[in-house]
Amino acid sequence: MKQNQFSHAVIKGISYVIPSNIHKTLDDKIEYFGNDKKKLNRACKIIGYGDTYISPNGLTAVDICEYAANDLIKNINIDISTIDAIIFVSQSPDYKAPCSAQVLHGRLGLSQSCIAIDINQGCTGYIYGLHTSFAYIESKVCQRVLLLVGDNASEDYVSSGNKTINLLFSSSGSATLIEYSEECHHSYFTIDTIGKYYDTLIVPAGGERIPLKNGLYEQIIYDKDGNPHRLTDAFIDGLSTFDFTITSVPKHIKECIMYSNINNIDFFAIHQGNKQIVKSIASKADIDIDKIFLDTFTRYGNTSSTSCLSNLLDKYEPEYLNNNSLNICFVSFGIGLSIASAIIRLNNIYSSGIILHHFDNIQSQDDAIKFWKEKIENYTAD
Amino acid sequence: MNKEEFLEKLQDVLERDEEITEDMVLEDIEEWDSLSAMALMAFFNNVLSITLLPAEVREMKTVADILHKAGI
């Protein structure tokens with residue numbers, strides 16, 4: 001268990017965007033339950049299934065984060081030349097290389113003296129991103145960090161018809177501005193890594209271990225329940241993940257609170273794995289029911305790396321966060337396996353709330369392929 | 001919690017309309033699936049404070065096995 005305290009990093013504002021182009025309601029999910037309304041309702045009661053938002057072909061987490069960043073920059077009114085680090089946290093980058101932070105740096109027109117890095121983290125991504133940003137600021141490596149965190153649930157992703165993933169995930173992109181403050185503002189981070197369970201939640205193919213060749217994308221493998229999988233999809237060992245979560249996360253939360261010595265936490269912003277998981281964790285960690293919010297998974301699905309943030313912004317109206325000072329405990333857990341939490345005081349921050357935005361003029365994947373083909377065909381070193 | 005109360009609770013946990021009895025084979029219960037396994041693990045952990053592992057759930061064959069694990 002890694003624990004760190006910071007004193008001079010503060011969050012100024014947060015923007016959060018979910019693409020509204022493809023909205024799947026609960027009724028759209030009935031096909032996964034043999035068109036049986038009773039089975040659907042039962043699953044809904046246990047897990048909390050509801051609305052999810054999928055990215056159309058061509059829209060990526062980078063596009064969604066860019067939109068969030070522009071909203072944030074406009075609304076907190078800062079000079080972007082003073083941003084000296086851009087950090088992009090995601091498991092759905094645009095390219096294998098270069099890193100997406102560099103692509104976003106260019107698209108946002110940031111200064112040449114700005115560090116740009118990607119962090120490859122999933123469910124705990126937002127807290128990892130905050131941890132790195134706060135460390136940069138505390139050590140005075142940077143004065144102002146733009147943290148972009150997002151993940152993509154794309155049309156390709158859901159096309160296999162696998163209900164273990166298709167019912168759960170939504171796309172999202174977020175932008176958070178963190179800056180140096182002369183005044184003392186304490187924040188407390190706790191991070192656990194359990195790497196021996198790396199294969200519990202995994203996307204097996206697409207990296208160097210299993211590259212995309214020999215028609216791998218077209219090969220469908222069926223599990224014992226008849227669910228189709230591709231090796232390019234996320235594989236989730238659901239019961240083992242659930243077991244890990246309800247046994248390890250509540251202990252982690254108690255350790256994190258003890259470390260901070262803060263007794264008046266106003267809200268626990270918890271990763272929305274599913275409704276049952278959130279309820280179980282809160283109950284085992286002895287968290288008051290009025291300090292959690294259980295509806296976010298049903299309203300927006302599991303948005304992966306930003307899911308604890310969607311829970312916070314779903315609970316509090318933008319004006320409320322703007323006019324109040326709150327002790328928030330962020331809690332996330334999942335792929336890695338990894339557990340992360342952070343107790344942070346939010347002082348009158350800007351919040352966009354959850355923006356449901358319809359993206360237009362999306363470059364299709366076919367157009368992107370055409371672009372690169374033409375570029376390479378016209379290239380000559382002479 | 002006595003046996004009757006537990007079986008009634010189990011019916012809620014599995015979101016089942018019909019009664020559950022001790023001699024039932026889990027495979028014959030329509031609602032017995034991965035969702036109910038998760039709900040059962042949550043129930044054991046949160047309400048009974050008994051750790052129930054996925055491997056243990058997979059080994060359970062009858063309602064009596066569940067009662068046994070719950071110590072009832």
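This is a predicted model: local features need pLDDT of at least 70, side-chain atom pairs count only at pLDDT 80 or more; totals for chains, interfaces and linings use all residues.
1. The six-stranded sheet. Chain A contains an open sheet of six strands, and reading across it gives the order β6-β5-β7-β8-β2-β17, with mixed pairing. From one strand to the next, the twist averages 15°.

2. A pair of strands inside that sheet. Strand β7 of chain A, residues 144-151, runs antiparallel to strand β8 of chain A, residues 172-180, and eight bridges join the two. To find this pairing in the structure, the reader can look for Asp151(A), which stands opposite Ser172(A) in β8(A).

3. The helices on the six-stranded sheet. Helix α2 of chain A, residues 61-76, lies across β2 (9-19), β5 (85-89), β7, β8 and β17 of chain A, and its direction is at about 45° to β8(A). Helix α3 of chain A, residues 100-108, lies across β5, β6 and β7 of chain A, and runs at about 130° to β5(A).

4. How these helices meet. Two packed helices are described by the angle between their axes and the distance between the axes. For α2(A) and α3(A), the axes come within 11 Å and cross at roughly 45°, which means that α2(A) is oblique to α3(A). The crossing of α2(A) and α3(A) is right-handed. On the side of α2(A) the contact is made by Val62(A), Cys65(A), Glu66(A) and Ala69(A), while α3(A) supplies Ser100(A), Val103(A), Leu104(A), Arg107(A) and Leu108(A). Sorted by class, the residues of this contact of α2(A) with α3(A) are six nonpolar, one polar and two charged.

5. The five-stranded sheet. Chain A also has an open sheet of five strands, in the order β1-β9-β16-β15-β14, and here too the pairing is mixed. Its edge strands are β1 (2-6) and β14 (267-270) of chain A, each of which pairs on one side only. On average, with direction ignored, neighbouring strands of this sheet are turned by 20° against each other.

6. Pairing and packing in the five-stranded sheet. Strand β9 of chain A, residues 187-193, pairs with β16(A) in the antiparallel sense, over six bridges. Within this pairing, Phe189(A) has Ala342(A) in β16(A) as its bridge partner. Helix α4 of chain A, residues 125-138, packs on the sheet and touches β1, β9, β15 and β16 of chain A, with its direction making about 60° with that of β16(A).

7. Cis peptide bonds. The peptide bond from Ala97(A) to Pro98(A) is cis, with omega near 0°, and Pro98(A) is found in the loop between β5 and α3 of chain A. A cis peptide bond also joins Gly336(A) and Leu337(A), where omega is about -15°. Leu337(A) lies in the loop between β15 (325-334) and β16 (338-347) of chain A.

8. Positive phi angles. Although Asp286(A) is not a glycine, it has a positive phi of about 60°, and its place is in the loop between α8 (275-284) and α9 (296-300) of chain A. Is Asp286(A) buried or exposed? Asp286(A) is exposed, because 10 other C-beta atoms lie within 10 Å and a residue counts as exposed at 12 or fewer. Asn361(A), which is not a glycine either, has a positive phi of about 50°, and it lies in the loop between β17 and α12 (365-377) of chain A. Asn361(A) counts as exposed, with 5 C-beta neighbours inside 10 Å.

9. The contact between chains. In the model, 16 residues of chain A are in contact with 14 residues of chain B. On the side of chain A that touches chain B, the elements that give two or more residues are α1 (37-47), α7 (238-260) and α8 of chain A. Of these, α7(A) gives the most, with seven residues. By class, this side of chain A has six nonpolar, six polar and four charged residues.

Technical notes
Residues are numbered from 1 along each chain as its sequence is written. Chains are lettered from A and ligands numbered from 1 in the order in which they are written. Two strands pair if DSSP finds at least two bridges between them. Helices (H or I, at least four residues) and strands (E, at least two) are DSSP runs, numbered from the N terminus. Axes are lines fitted to C-alpha atoms, for helices over the stretch in contact, and angles run from 0 to 180 degrees between N-to-C directions. Two residues are in contact if their C-beta atoms, placed from the backbone, lie within 7 Å. A residue is buried if 20 or more other C-beta atoms lie within 10 Å of its own, exposed if 12 or fewer, and partly exposed in between; C-beta atoms are placed from the backbone. Ala, Val, Leu, Ile, Met, Phe, Trp, Tyr, Cys and Pro count as nonpolar, Asp, Glu, Lys and Arg as charged, and the others, Gly among them, as polar. Angles under 35 degrees count as roughly parallel, over 145 as roughly antiparallel, 65 to 115 as roughly perpendicular and the rest as oblique. A crossing is left-handed if the near helix is turned anticlockwise from the far one by less than a right angle, and right-handed if clockwise.
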